[in-house]
Amino acid sequence: MKKTIDIICVGEILIDYIGNEINTPISKIENYNRFLGGSPTNVAIYSAKLGLQTTLVASCGNDGLGHFMIEKLKENNVNTTQIKELNNYPSSVIFVSKSSATPEFIPYRQADYHIDETQIPDNILEEAKIFHTTCFALSKNPARETILNKAKKAQQLGLQTSIDLNYSDKIWPNREEAMEVIKEYLATKPLVKLSDDDCFRLFNETKSDEYIIAFFQQLGASTICLTKGKDGVVLWDSNLGAVYKKAPLVENIKDTTGAGDAFWTGFLYSKLKSKEPLDCISTAQKLASIKLQHLGGLPDNIPLEDI
């Protein structure tokens with residue numbers, strides 16, 4: 001069967017209200033700009049900007065914010081047929097500080113986690129190459145059960161699963177439960193992206209890179225990208241073992257929100273092009289660098305020959 005979908009992204013769609021003042025706590029921010037957000041949403045849009053065919057599976061409110069989000073997705077050539085607009089839940093929003101480091105955020109979650117299995121029929125999975133989700137998306141039912149069941153089905157159908165382990169105790173206070181759910185997803189042998197910050201929140205203490213790589217490898221991860229911000233990336237791959245790659249210097253950082261999503265989009269894009277793991281990291285870093293220099297999303301017309 002001809003595969004017509006490069007990546008199915010499943011999970012949170014929401015509005016990011018990003019503060020105007022840089023490195024200012026939310027308690028002091030007076031004005032915000034509105035952006036379409038949510039990690040799987042970003043990956044779907046960024047992938048489409050690179051010319052990939054992406055489908056977003058998500059839920060929003062049947063309200064002004066929901067209509068804004070779907071309109072933006074369509075403008076960016078993301079397939080929105082699997083998005084549900086709900087009458088009984090408003091769209092989810094998050095207030096985010098603009099930061100040159102890890103931003104502060106306050107989530108107001110409503111519609112985003114009401115994803116059911118009818119939104120991911122088997123015929124859609126059969127048409128796809130990669131099934132991608134996030135820890136955020138797995139943090140609440142019914143989305144959790146839907147995603148776990150469909151990821152297992154995706155693996156059976158030969159798709160490559162993928163996850164951004166963007167764990168936050170603010171989103172998912174029960175660490176023990178989170179760990180059990182992560183273990184279940186990692187049994188599908190996914191490509192795994194996680195950051196130093198994610199690991200600190202998940203383990204509730206600082207662990208060595210070696211510990212982190214061994215931990216997730218043993219749970220089933222087929223590839224692990226441990227991102228360390230300006231300190232580069234540790235990549236583990238079953239063929240290569242662990243390799244460190246330093247980060248390119250980025251001057252004039254305007255906005256860190258979504259940089260991890262840009263990184264992972266670059267990685268998945270290269271993976272789909274059958275590139276070697278280190279080349280995938282190079283592309284990922286280039287795309288993250290471009291994102292860091294732009295407020296909101298990635299710009300249009302990214303010259304693909306440069307990445």
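The buried residues of helix α7 pack against β9 (160-164), α6 (175-186), β10 (191-195), α8 (209-219) and β11 (223-227), where contact means heavy atoms within 4.5 Å, and where helices (H or I, at least four residues) and strands (E, at least two) are DSSP runs numbered from the N terminus. The model is predicted, so local features need pLDDT of at least 70 and side-chain atom pairs count only at pLDDT 80 or more, whereas totals for chains, interfaces and linings use all residues. Residues are numbered from 1 along each chain as its sequence is written, and side-chain values use heavy atoms, with hydrogens and water left out.

Within α7 (residues 196-203), the buried positions are D198, C199, L202 and F203, buried meaning under 20% relative accessible area with a 1.4 Å probe and protein chains only. Just after α7, N204 has a positive phi of about 65 degrees.

By class, the lining of the second largest pocket divides into eight nonpolar, seven polar and six charged residues. Its lining draws at least two residues from each of β2 (14-22), β3 (32-37), α1 (39-49) and α2 (64-75).

A search of the whole structure finds zero disulfides, a disulfide being a pair of cysteine sulfur atoms within 2.5 Å. Two cysteines are set out below.

| Cysteine | Relative accessible area | Closest cysteine sulfur |
|---|---|---|
| C9 | 0%, buried | C60, 16 Å |
| C60 | 0%, buried | C9, 16 Å |

For C9, the distance to the sulfur of C60 is too far for a bond.

Definitions and conventions: Buried < 20%, exposed > 50% of the residue type's maximum accessible area, 1.4 Å probe, protein only. Nonpolar A, V, L, I, M, F, W, Y, C, P; charged D, E, K, R; others polar.
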